[in-house]
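Hi,

Here is the structure I promised to pass on. Have a look at it first, then read my notes below.

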Amino acid sequence: MFKTKKFKEIELENKILKNKIENASFSPDRFINKIKDLIESNDFSSVKHLIKTLTDYLTLKEATHCLLRNNTHSTDKNDMLLWTIYGLYRNFDVKTIDCDLKFSINELNLILNTWNEDRIVSNIKGINSTNILYPCNNIRNYYIYPLDIVICGGGNHSQFSAKLKLEGESHISQIIDISNLYSGLEFDGVNFIDINNKNEIVKSCDNEGEIIIGTLFEIGRLLVKHKVYFDNKIKKATKND
């Protein structure tokens, strides 16, 4: 007997195929080479701004899709990127550091998952100069070292509003040091592969967000050799000062 596929299964497969076709036009190497050139000239400020270009793009795209499409049930939302990273490091010895490091909201290369259109609007209306963002009990931010990105796990909408208004102090709740992964993994522009067996795909990237995470992963491989790039608070917390 042949196993018949349900319509939703076919629809999901078609979406994955469409994403792969679209992502095939991406060229992460072009971006990474620009970062290499900046590092070689010790222009770390510009490196940070280019990384922020990627993280801000993901954040603004998510909010735009939510507002224009009511995109609340997408399978490639930004909150899934933390699970993508977890899936990569779960078989490696990584260091996690609980902390409470305060930062200006716009210092962070912050990826937010603004999944509710009404909360986007209400927080834009409600967050202002008299409404201090920190402390905020529901904010959970995870700093991924050495990618120099922060993925939000709570407090997405309030931080999004503060980010738009260019004010507010937020914090990092946990640092996840994945630098040990570089001895076993690499991103080849499409997939995460075993560095010792290039034919073994560890994680196939099925959407734009995962491709960007892969690009940032390879940028982290470059940055981990240049401790001067990182904020002193991060270096102290990760004992890389």
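Predicted model: local features only at pLDDT ≥ 70, side-chain atom pairs only at ≥ 80, totals over all residues.

Residues are numbered from 1 along each chain as its sequence is written, and side-chain values use heavy atoms, with hydrogens and water left out.

First, the helices. Helices (H or I, at least four residues) and strands (E, at least two) are DSSP runs, numbered from the N terminus. Two packed helices are described by the angle between their axes and the distance between the axes. Axes here are lines fitted to C-alpha atoms, for helices over the stretch in contact, and angles run from 0 to 180 degrees between N-to-C directions.

Helix 3 and helix 7 cross at roughly 160 degrees, and their axes come within 11 Å. That makes helix 3 and helix 7 roughly antiparallel (the label for angles over 145 degrees; under 35 is roughly parallel, 65 to 115 roughly perpendicular and the rest oblique). Where they are in contact (heavy atoms within 4.5 Å), the helix 3 side includes Ile51, Leu54 and Leu58, and the helix 7 side includes Ile212, Leu216 and Ile219.

Helix 3 also packs on helix 5, at an angle of about 110 degrees with the axes 9 Å apart. So helix 3 and helix 5 are roughly perpendicular. Ala63, Cys66 and Leu67 of helix 3 make this contact with Glu117, Ile120 and Val121 of helix 5.

Next, what is hidden inside? Eight of the nine residues of helix 6 (156-164) are buried (buried is under 20% relative accessible area, exposed over 50%, partly exposed in between, with a 1.4 Å probe and protein chains only). Among them are His157, Phe160 and Ala162. The cover over the buried residues of helix 6 includes helix 3, helix 5 and strands 2, 3, 4 and 5.

There is a nonpolar core to look at, too. The term means a set of buried Ala, Val, Leu, Ile, Met, Phe, Trp, Tyr and Cys residues joined through side-chain atoms within 4.5 Å. The largest one has 62 residues, and Ile149, Ile172, Ile178 and Leu216 touch the most other members. Helix 7 (208-223) gives the largest share of this core, eight residues. Leaving aside neighbours within four places in sequence, Ile178 is in contact with Tyr145 and Pro146, among others.

That brings me to the backbone. Most residues other than glycine have a negative phi, and most peptide bonds are trans. The bond from Tyr145 to Pro146, however, is cis, with omega near 5 degrees. Pro146 sits in the loop between strand 3 and strand 4, and Asp148 is found in that loop as well. Asp148 has a positive phi of about 60 degrees although it is not a glycine.

Leu166 has a positive phi too, near 60 degrees, and lies in the loop between helix 6 and strand 5. Which of these two is buried and which is exposed? Asp148 is buried, with a relative accessible area of 7%, whereas Leu166 is exposed, at 64%.

Finally, look at Asn240, in the segment after helix 8 (232-237). Not counting residues up to four places away in sequence, Asn240 touches Tyr145, Lys227 and Lys235.

Cheers
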